[in-house]
Amino acid sequence: MAPPPARLTVDLAALARNYHTLGAVSGAPVHPVVKADSYGLGAAAVARRLMAEGARTFFVARAGEGAALRSALGPEPTVYVLDGCIADTAAELRAADLRPILNGAVQMSDWLDSGGGPCGLQIDTGMNRLGFRPEAAPAPFDGLALVLSHLACADDPSQPMNRIQRDAFAAIAMRYPGATRSFASSGGCFLGPDFGFDAVRPGICLYGGGPEGRPDPRIAPVATLTADVLQLRDVPAGESVGYSRGFTAPTPRRIATIAAGYADGVLRAYAGGGQGQVWIGGALRPLVGRVSMDVCAVDVTGLDVAVGDAAELFGPHRRLDDAASAAGTIAYELLTAVGGRAQRVYIS
């Protein structure tokens, strides 16, 4: 059977470089966030490589993600579940040796009443999403191994809220001596050494996204989404391409049909405006017309392009943050949108 025409290539060596960069710039141990299947890159392969680089603590969002990661990695690493202990998940968490991040009084009661054990505690320092408000933070209790909070504006270093949250976390964390303190996410790693505390929890910067939502020379590209040219055609002036006549050729154009569409993570928001681009034939060229479920069209007029050639939708020549910005979104969404039928290929 022929290989799939759309591929997500994951550069594990680049992942490792980013892991060490984040540790160096933050001055703290790196505890990777591998939720959502490592942002679509494959949590098992990603976490194995990060373990080889020294990582021993990981964060996921769901208990099911944690159980799958435990199965892949074995008993050695510590795995925290950000959702916490929800309803009757305590037994499931213990069975897979997972540690819940307790986000409120009900979760705390459910965990402790079921027998307790190692866990984390989230303090909400201003995001108003998950966690105990500082004034409602519980007294220290047996089993508490980690206390964390989460930055709301880490991608904007000029935002005063970063310092407000940091100082609030520093104050409340003093209540829990002996617990590991974790505050900084990817962007937070770059806000200064006093944001690192005892451990940082990067996600998107591990995977090639910049800390401020744009490419950063300190962060290596990790993921490359490519798709093959299925067909080439000459479109006369005045004729249209794709659904709803989304593009009309102003002059004769050479159009390549690429084997990736919105089912593969090529967002429909690329259509129109000339913002959607791919790297093909040694140049950045625009997507034209509507993105379909399985294909998209690229103007390759004047380029030496053949059927079977690969177009790079994001990667080293079309950086992840730039591709996301062109679609009016962020790198997180672009990575997690890559469909399951795009083959994952790992290089080291």
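The conversation below concerns helix packing, aromatic pairs and selected residues in a predicted model.

Reader: Let us start with the helices. At what angle do H1 and H3 pack, and how far apart are their axes?
Author: Helix H1, residues 12–26, and helix H3, residues 43–52, pack at about 55 degrees. Their axes are 10 Å apart.

Reader: Is the crossing of H1 and H3 left-handed or right-handed?
Author: The crossing of H1 and H3 is right-handed.

Reader: Which residues make the contact?
Author: From H1, the contributors are Leu12, Ala13, Leu15, Ala16 and Tyr19. H3 supplies Ala45, Val46, Arg49 and Leu50.

Reader: And by class, how many are nonpolar, polar or charged?
Author: The contact of H1 with H3 has 8 nonpolar residues and 1 charged residue, with no polar ones.

Reader: What about H3 and H4: how do their axes cross?
Author: The axes of H3 and helix H4, which spans residues 63–73, come within 10 Å and cross at roughly 55 degrees. H3 is therefore oblique to H4. The crossing of H3 with H4 is right-handed.

Reader: Which residues of H3 meet H4?
Author: On the H3 side they are Ala43, Ala44, Ala47, Arg48 and Met51. Their partners in H4 are Leu69, Ala72 and Leu73. By class, this contact of H3 with H4 comprises 7 nonpolar and 1 charged residues, and no polar residue.

Reader: Which residues of H3 are buried?
Author: Ala43, Ala45, Val46, Ala47, Leu50 and Met51 of H3 are buried.

Reader: What covers them?
Author: The cover includes H1, H2 and H4, together with strand E2 (57–60) and strand E16 (343–347).

Reader: What follows H3?
Author: Gly54 follows H3, and its phi is positive, near 125 degrees.

Reader: Changing topic, how many aromatic pairs does the structure hold?
Author: There are 7 aromatic pairs in the structure. One of them joins Tyr39 and Tyr332, whose ring centres are 5.9 Å apart. The planes of these two rings stand at 35 degrees, so the pair is tilted.

Reader: Where do those two tyrosines lie?
Author: Tyr39 lies in helix H2 (residues 35–39) and Tyr332 in helix H9 (residues 331–336). The pair therefore ties together parts that are 293 residues apart in sequence.

Reader: Are Tyr39 and Tyr332 buried, exposed or partly exposed?
Author: Tyr39 counts as buried, at 7% relative accessibility. Tyr332 is partly exposed, because its relative accessible area is 40%, between the limits of 20% and 50%.

Reader: What is the geometry of the pair Phe183 and Phe197?
Author: Phe183 and Phe197 form an edge-to-face pair, with 6.0 Å from centre to centre and 80 degrees between the planes. Both residues lie in the loop between strand E7 (180–182) and strand E8 (223–235), 14 residues apart. Phe183 and Phe197 are both buried.

Reader: Which aromatic cluster contains them?
Author: One aromatic cluster is formed by Phe169, Phe183, Phe195 and Phe197.

Reader: Now Arg318. Where is it found, and is it buried or exposed?
Author: Arg318 is found in the loop between strand E15 (310–314) and helix H8 (320–326). Arg318 is buried, with 7% relative accessibility.

Reader: What does Arg318 touch?
Author: Setting aside residues up to four places away in sequence, Arg318 touches Gln275, Gln277, Leu284, Glu312, Leu313, Ala323 and Ala326.

Reader: And Thr78: where does it lie, and what does it touch?
Author: Thr78 lies in strand E3, residues 78–81. Thr78 counts as buried because its relative accessible area is 19%, under the limit of 20%. Beyond residues up to four places away in sequence, Thr78 touches Arg56, Thr57, Phe58, Arg70 and Arg99.

Reader: Lastly, is Val106 buried or exposed?
Author: Val106, found in helix H6 (residues 105–113), is exposed, with a relative accessible area of 62%.

Reader: How far apart are Val106 and Val307 in space?
Author: Their C-alpha atoms are 58 Å apart, and Val106 and Val307 are separated by 201 residues in sequence.

Methods. Residues are numbered from 1 along each chain as its sequence is written. This is a predicted model: local features need pLDDT of at least 70, side-chain atom pairs count only at pLDDT 80 or more; totals for chains, interfaces and linings use all residues. Side-chain values use heavy atoms; hydrogens and water are left out. Axes are lines fitted to C-alpha atoms, for helices over the stretch in contact, and angles run from 0 to 180 degrees between N-to-C directions. Helices (H or I, at least four residues) and strands (E, at least two) are DSSP runs, numbered from the N terminus. A crossing is left-handed if the near helix is turned anticlockwise from the far one by less than a right angle, and right-handed if clockwise. Contact means heavy atoms within 4.5 Å. Ala, Val, Leu, Ile, Met, Phe, Trp, Tyr, Cys and Pro count as nonpolar, Asp, Glu, Lys and Arg as charged, and the others, Gly among them, as polar. Angles under 35 degrees count as roughly parallel, over 145 as roughly antiparallel, 65 to 115 as roughly perpendicular and the rest as oblique. Rings of Phe, Tyr and Trp (its six-membered ring) pair if their centres lie within 6.5 Å; planes under 30 degrees apart count as stacked, over 60 as edge-to-face and the rest as tilted. Buried means under 20% relative accessible area, exposed over 50%, partly exposed in between (1.4 Å probe, protein chains only).
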